[in-house]
Amino acid sequence: MAKAMRPRRGRSRLLRPCCGFGTSAASSDPVPDSDPKLSWKPEDGSISHRVQRLAKYRFLKKQSDLLLNADDLDAMWVCLRENCVIDDATGAEKMNYEDFCHIASVCTEQIGPKCRRFFSPSNFMKFEKDEQGRIAILPFYLYVMRTVSLTQARIDMSELDEDSDGFLQPQEMEAYIRGLIPNLAQLRDMPASFVQMYCRIAAQKFFFFCDPHRRGKACIKKVLLSNCLQELMELHQESEEEVTDTEQAENWFSMASAKRVCDIFILLDKDNNGTLSKQELREYADGALTEIIIERVFDEHVRRGKVGGASSREMDFDSYLDFVLALENKDTPEGLTYLFRCLDLNGRGYLTTADIHSLFRDVHQKWIEGGNYELCIEDVRDEIWDMVKPADPLRITLADLLACKQGGTVASMLIDVRGFWAHDNRENLLQEEEEPEEES
């Protein structure tokens, strides 16, 4: 069997190098825990402020110099492949602990001591071993690349963190994303006129998931460990060769997704004032959302205008992005938390059978208007109760929805006639998904 091809690497600044801030060479934590901080903040423009900025710059520069660069990673891969053994049964390239130590010596000689931290005994023990105690070289190399990526990302974000508090403001997150665009294969050809809008759309997802309390700042460490960063880094792949149209459409950070989200907003904004009224938002998803949910979204997630009463309240673009993110991520704690606030009609922290009846009444109306068969609201209510199995048989809490693993489905059934249709036809839809696999 032919040897495995070298894994593709993105060329972004993220994949330059690796070593933790303030950690020993043997540390295996890919996310450094400490940041250069001062217990007081000097006045902007003062000598103390300039000294602090210079110290921070030198510290980050030193950390960056300790990292493996792209050439180092290439050299390590060569060392791994030249000194491994081929598994006779699978053709996989593997190494035992003796090989591991030998490769460590070769890499240290060819690359330098900065690669030594990856070849610690504890790192070897992290990987799955075969009957002969060998590990595959590919998972190990991918681990090195991920550690390099996360550490370089930490350095890049820390450079943008003006007040060195370990958090990024929206404009700092947008600046970070803007710096990545030229190095992400699927974004290199982005029109200059769309860059600012793209960065705003992309940054909003980080804040939706990494700033749950809506404080306007995202913890750098939480960003590094989030699925959002991993999703963004998937854009390293060459779209023509490796990514399907479906994968691009499902990735929030893809050009196709960003343009779709932006185009829908422009289409909904009939009066071109840069915000959406309730009437305009009703047209979202071809009017599949219920009237009561549109009202509740504005009650819970849209700030009142500075002038006029509630009638003057309109949804700005950032609130619209949160709205879309919640609907497209209903199965996540963050998305379900957003929607639960809308479902909780009386703000009591739980749903009663009366709430379920009120919420589903609008779905039922749209269901009948669509020419579907008659159904009993009470039957649907009982089905939801059976799906959730709440701890208190008289009320459903957010914790119940999260625990039952079907919270996203329940939310869809209560806010969106299409969501209820998908649930009602789930067996047919599942069969349709399986058929192509059987044919192949």
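## Exercises on a predicted model

The chain has 22 helices and 7 strands, where helices (H or I, at least four residues) and strands (E, at least two) are DSSP runs numbered from the N terminus. This is a predicted model, in which local features need pLDDT of at least 70, side-chain atom pairs count only at pLDDT 80 or more, and totals for chains, interfaces and linings use all residues. Residues are numbered from 1 along each chain as its sequence is written, and side-chain values use heavy atoms, with hydrogens and water left out.

**Exercise 1.** State in which order the strands of the open sheet lie, and which of them stand at the edges.

Solution. 
- Three strands form this open sheet, in the order β1-β2-β3, with antiparallel pairing.
- β1 (85–86) and β3 (135–136) each have a single partner strand, so one side of each is left without a neighbour in the sheet; these are the edges.
- β1 pairs with β2 (residues 93–95) in the antiparallel sense over 2 bridges; two strands count as paired if DSSP finds at least two bridges between them.
- For V85, the bridge partner in β2 is K94.

**Exercise 2.** Determine how helix α17 and helix α21 are oriented to each other, and which residues meet.

Solution. 
- The axes of α17 (residues 353–369) and α21 (residues 417–424) come within 9 Å and cross at roughly 80 degrees. Axes are lines fitted to C-alpha atoms, for helices over the stretch in contact, and angles run from 0 to 180 degrees between N-to-C directions.
- From α17, F360, V363, K366 and W367 meet V417, F420, W421 and D424 of α21; contact means heavy atoms within 4.5 Å.
- By class, this contact has 6 nonpolar, no polar and 2 charged residues. Ala, Val, Leu, Ile, Met, Phe, Trp, Tyr, Cys and Pro count as nonpolar, Asp, Glu, Lys and Arg as charged, and the others, Gly among them, as polar.

**Exercise 3.** Decide whether H423 and N123 are buried or exposed.

Solution. 
- Buried means under 20% relative accessible area, exposed over 50%, and partly exposed in between (1.4 Å probe, protein chains only).
- H423 lies in α21 and has a relative accessible area of 8%, so H423 is buried.
- Apart from neighbours within four places in sequence, H423 is in contact with E383, M387, T409 and M413.
- N123 is placed in helix α4 (residues 121–125); its relative accessibility is 0%, so N123 counts as buried.
- In the chain, 48% of the 440 residues are buried.
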